[in-house]
Amino acid sequence: MDMGGHDMGGMSPPAAGAAAQGGMGAMKSMRYTHLTFFWGKNSEVLFTMWPGTRGGMYALAPIFVFALAVIVEFLGSRRADACLAALARRAPAAGGLARAAVHTVRVGVAYLLMLALMSFNGGVFLVAVAGHAAGFLAFRAGLCGGPAQVEEDRKNDPACC
C-alpha cells in the first residue's frame with residue numbers, strides 16, 4: 001500500500017482466498033467472543049473454555065471473581081499497610097521487600113480481575129463490583145480494622161504508622 005511515497009509493508013489486507021485455503025490455521029471451529037455486556041452462563045472467564053457451558057463451573061466463577069475483588073481491597077487497606085510498616089520499623093530491608101511483594105501481588109490480582117471483567121458477562125461485572133464494595137466495607141471503612149483501628153493503634157503506640 002503506497003501512502004504518499006511511504007511504504008506501509010504489512011498493512012495490506014489478506015488475499016481473498018486466504019481464509020478459504022486454511023488462512024485461519026488449524027482452528028476447527030470459530031468461537032464467538034462478546035464485545036458488549038451480556039447475561040448468561042455460557043461464557044469464558046479468564047481461561048479458554050472455563051466455565052464454558054457447565055453450570056457448576058459458572059457458579060464457581062463469580063465466587064472466584066468476588067474473592068479476587070475482596071483480596072485487592074485488603075491488600076490496599078491501611079490495616080495491611082500498618083502491618084507492613086511495623087515490619088519495616090523492626091527490619092527496614094525486610095519491610096521494604098515485603099511492601100514491594102504485597103504491591104506486586106496486589107497489582108497482579110487487580111490485572112487478573114480486569115481480565116475476568118473482559119469476559120463482558122454482566123453477572124461477573126456485578127459480582128466484581130460487589131466484591132470491591134464488600135472489601136472496602138470490611139477493610140477500609142473500619143468494619144474489620146480499617147482507619148478506625150489504625151487511629152486506635154496510633155493513640156496506643158506513637159511510633160506506629
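The exercises below work through the fold and helix packing of a predicted model.

Residues are numbered from 1 along each chain as its sequence is written, and side-chain values use heavy atoms, with hydrogens and water left out. Local features need pLDDT of at least 70 and side-chain atom pairs count only at pLDDT 80 or more, while totals for chains, interfaces and linings use all residues.

**Exercise 1. State which elements the protein chain has and in what order they come.**

Step 1. Helices (H or I, at least four residues) and strands (E, at least two) are DSSP runs, numbered from the N terminus. The protein chain has four strands and five helices.
Step 2. Along the sequence the pattern reads β-β-β-β-α-α-α-α-α.
Step 3. Buried means under 20% relative accessible area, exposed over 50%, and partly exposed in between (1.4 Å probe, protein chains only). Of the 161 residues in the protein chain, 25% are buried.
Step 4. Contact means heavy atoms within 4.5 Å. Among contacts in the protein chain with a separation of 6 or more, 57% are between residues 24 or more positions apart.

**Exercise 2. Check the spans of helices α2 and α3 against expectation.**

Step 1. The expected span is 1.5 Å times one less than the number of residues in the helix.
Step 2. Helix α2 (residues 78-90) has 13 residues and should span 18 Å; its end C-alpha atoms are 18 Å apart, so the two agree.
Step 3. Helix α3 has 26 residues, and its first and last C-alpha atoms are 37 Å apart, close to the expected 38 Å.
Step 4. In α2, the residues Ala80, Ala82, Leu84 and Ala85 are buried. In α3, the buried residues are Gly95, Ala98, Val109, Leu113 and Ala116, and their cover includes α1, α2 and α4 (122-140).

**Exercise 3. Describe how α1 packs against α3 and against α4.**

Step 1. Axes are lines fitted to C-alpha atoms, for helices over the stretch in contact, and angles run from 0 to 180 degrees between N-to-C directions. A crossing is left-handed if the near helix is turned anticlockwise from the far one by less than a right angle, and right-handed if clockwise.
Step 2. The axes of α1 and α3 (residues 92-117) come within 9 Å and cross at roughly 150 degrees, in a left-handed crossing. Residues of this contact include Leu68 and Val72 of α1 and Val105 and Val109 of α3.
Step 3. Ala, Val, Leu, Ile, Met, Phe, Trp, Tyr, Cys and Pro count as nonpolar, Asp, Glu, Lys and Arg as charged, and the others, Gly among them, as polar. The contact of α1 with α3 has 13 nonpolar, no polar and one charged residues.
Step 4. The axes of α1 and α4 are 7 Å apart, at an angle of about 35 degrees, and the crossing is right-handed. Among the residues in this contact are Phe66 and Glu73 of α1 and Gly131 and Phe139 of α4. By class, the contact of α1 with α4 has 15 nonpolar, four polar and two charged residues.

**Exercise 4. Is Glu73 buried or exposed, and what does Glu73 touch?**

Step 1. Glu73 lies in helix α1 (residues 55-75).
Step 2. Its relative accessibility is 11%, so Glu73 counts as buried.
Step 3. Apart from neighbours within four places in sequence, Glu73 is in contact with His132, Gly135, Phe136, Phe139 and Arg140.

**Exercise 5. Locate Phe120 and describe its backbone.**

Step 1. Phe120 is in the loop between α3 and α4.
Step 2. Phe120 is not a glycine, yet has a positive phi of about 60 degrees.
Step 3. With a relative accessible area of 25%, Phe120 is partly exposed.
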